[in-house]
Amino acid sequence: FADFTPQATFDIKKCDLHRLEEGPPLKAELTRDQGLQYYRTMQTVRRMELKADQLYKQKIIRGFCHLYDGQEACAAGIEASINPTDHLITAYRAHGYTYTRGVSIKEILAELTGRKGGVAKGKGGSMHMYAPHFYGGNGIVGAQGQLFESFNMAALWKLPCIFICENNKYGMGTSVERASASIDYYKRGDFIPGIRVDGMDVLCVREATKFAADHCRSGKGPIVMELQTYRYHGHSMSDPGVSYRTREEIQEVRTKSDPISMLKERMLSNNMASVEEFKEIDVDIRKQVEEAAQFATSDPEPPLEDLCNHIFYNNPPLEVRGTNPWSKLKSVS
C-alpha cells in the first residue's frame with residue numbers, strides 16, 4: 001500500500017448559482033481511504049438494488065419497489081458531508097439513504113421481502129424504512145413536505161434546512177422538459193438561494209453539500225440544491241423504463257457518466273488504488289448481498305398477532321366497529 005498515492009486533488013464541475021455571490025469550490029481533495037469508502041458505499045447500494053430487482057422478478061418481493069441504481073453519488077456524497085446526528089428525510093426511492101444512514105443490507109432486503117427481521121419488522125416495505133435521525137421514505141408523491149409553504153416558513157424563521165431535488169430527468173414516465181415550464185429547479189426557492197450540481201459525481205455532491213451545510217449552520221437560513229442525476233431502472237419495478245426513453249440514452253449515461261465507474265477511473269489513473277483492490281471489494285460486497293438475500297428469503301414473516309403492534313404510542317384499546325376478526329388484537333408499542 002506504500003506505493004499508492006495517499007491523496008489527490010481533482011477538478012470538479014462548476015455549480016450554477018441562484019442568489020449567491022460564490023458557490024462550492026472547483027477543486028476537491030480526495031484521500032485514498034475516502035475514495036475506497038465512497039466506492040464501497042456506492043457499489044453496495046448498486047449491488048443491493050440489482051438483487052432487489054432479481055427478487056422482484058422472482059415474485060419474492062411484491063408491491064411497490066423503486067430502485068436507486070444510477071443515483072448512488074447523491075446519497076454517498078450527501079452522507080460524506082453531513083453528520084450522523086443531522087436529520088434526513090427522503091421520498092419513496094429510499095433504499096440508498098436507508099443504507100447510508102446505517103441500516104444493514106440484511107435488514108433492507110428483509111424489509112423488501114416482508115420478513116420479521118426487516119428494518120420496519122416487515123410491515124413497511126420499499127417506501128417505509130427508518131433509522132435514527134432518518135425519517136424514512138414517503139409513499140405519497142409530495143409527502144416529503146408541502147414544498148412552497150415549507151420554503152416560506154424556513155426562510156421566515158431562517159431554519160438550517162437544505163432542500164434537495166434529485167433531478168433524475170423523469171417524473172415517473174414524463175421528462176422534465178415535457179412537465180415543467182422551467183427546469184431550473186434550483187431557482188424554485190425564489191427568495192431562497194440555490195445551487196445546481198452534477199449529481200453523478202460523488203465529489204461534486206460532497207463539496208456542494210458541505211457548502212450548503214456551512215451556509216445553513218452559519219445562520220444564513222435555508223438553501224435549495226438540485227442534483228442532476230439519472231436512474232437506470234424505470235420509475236418502479238412495474239415500469240420497464242424504455243417506453244418514454246431509448247435504451248441508447250440509458251446506455252450512454254452508463255458509459256459516460258456512471259458515478260461508480262467515474263470514481264474508480266479517477267483513483268486508478270492517479271495510482272490511488274489497484275484494479276485487484278476494487279475486484280476484492282466487489283467480491284466482498286457480492287458475498288454480503290448474497291448472504292443478506294439468503295436471510296431475506298428464509299426469515300419468517302411476522303405473525304398475525306403482530307398486525308396491530310406499534311400503531312398507537314400509548315396502547316389504547318383497539319375497538320373499532322366492523323373490524324372483526326381483528327378487533328381481538330391489541331396494539332403493543
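Hi everyone, let's start with two tyrosines: both Tyr170 and Tyr230 are buried, meaning under 20% relative accessible area with a 1.4 Å probe and protein chains only. A word on the source: this is a predicted model, where local features need pLDDT of at least 70, side-chain atom pairs count only at pLDDT 80 or more, and totals for chains, interfaces and linings use all residues. Residues are numbered from 1 along each chain as its sequence is written, and side-chain values use heavy atoms, with hydrogens and water left out.

So what do these two tyrosines do together? Tyr170 and Tyr230 form an edge-to-face aromatic pair, 6.5 Å centre to centre with 80° between the planes; rings of Phe, Tyr and Trp (its six-membered ring) pair if their centres lie within 6.5 Å, and planes over 60 degrees apart count as edge-to-face. Tyr170 lies in strand β5 and Tyr230 in the loop between β8 and α8, so the pair ties together parts 60 residues apart in sequence. Helices (H or I, at least four residues) and strands (E, at least two) are DSSP runs, numbered from the N terminus.

Ring pairs also bring in Tyr232 and Tyr244, giving a cluster with Tyr170 and Tyr230. Over the face of Tyr232 lies Arg254, at 4.1 Å from the ring centre; the criterion is CZ of Arg, or NZ of Lys, within 6 Å of the ring centre and within 35 degrees of the ring normal. Lys106 lies over the face of Phe295 in turn, at 4.7 Å from the ring centre.

Altogether, the structure holds seven aromatic pairs. One of them is Phe148 with Phe151: their ring centres are 5.7 Å apart and the planes at 90°, so this pair is edge-to-face. Phe151 counts as buried, at 3% relative accessibility.

Key:
Rings of Phe, Tyr and Trp (its six-membered ring) pair if their centres lie within 6.5 Å; planes under 30 degrees apart count as stacked, over 60 as edge-to-face and the rest as tilted. Buried means under 20% relative accessible area, exposed over 50%, partly exposed in between (1.4 Å probe, protein chains only).
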